[in-house]
Amino acid sequence: MQQDINPASERSLKDYRAATVMRAEHIEGSFTRLLEQQAAKISSDVFLFASLCSMAFALGAELMNRTRASRFVGMWVGPLLIMGVYNKMVKTFGAR
């Protein structure tokens, strides 16, 4: 009987370690490490809330016929969500 276990759960018996860096030019610098450590301190909810606020503002501006402002702020949603995903990845995998 084989059990399907999520590798990220605590019940997993496997020990996952960070992938080794094969080439010297792929090693990240201290600035990148510092940036990832600071980004990990931000809650992931901040990015989700900011993207929802920008969607709401864009909708409100569109309803008030402020098309230019609506489109400008509406374009923020994608990058905010991507920053949230990056933040979550840094928290999950850690700064390497």
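Colleague: With which side chain does the side chain of Ser-70 make a polar contact?

Modeller: A polar contact is a pair of N or O atoms within 3.5 Å, where within protein one must be able to donate a hydrogen and the other to accept it, and residues adjacent in sequence count only if both atoms are side-chain atoms. Here the partner is the side chain of Glu-62, at 3.0 Å, and the side chain of Ser-70 also reaches the backbone oxygen of Ala-58 at 2.9 Å. Please keep in mind that this is a predicted model, in which local features need pLDDT of at least 70 and side-chain atom pairs count only at pLDDT 80 or more, while totals for chains, interfaces and linings use all residues. Residues are numbered from 1 along each chain as its sequence is written, and side-chain values use heavy atoms, with hydrogens and water left out.

Colleague: Is Ser-70 buried or exposed?

Modeller: Buried means under 20% relative accessible area, exposed means over 50%, and partly exposed lies in between (1.4 Å probe, protein chains only). Ser-70 counts as buried because its relative accessibility is 6%.

Colleague: Which residues is Ser-70 in contact with, leaving aside its neighbours within four places in sequence?

Modeller: Contact means heavy atoms within 4.5 Å, and on that basis Ser-70 is in contact with Ala-58, Ala-61 and Glu-62.

Colleague: How many helices and strands does the protein chain have?

Modeller: Helices (H or I, at least four residues) and strands (E, at least two) are DSSP runs, numbered from the N terminus. The protein chain has four helices and zero strands, and Ser-70 itself lies in helix H3, which covers residues 67–74.

Colleague: Where is confidence lowest and where is it highest among the helices?

Modeller: Confidence is given as pLDDT, the predictor's value for each residue from 0 to 100. Helix H1 (residues 30–39) is lowest with a mean of 81, and H3 is highest at 96.
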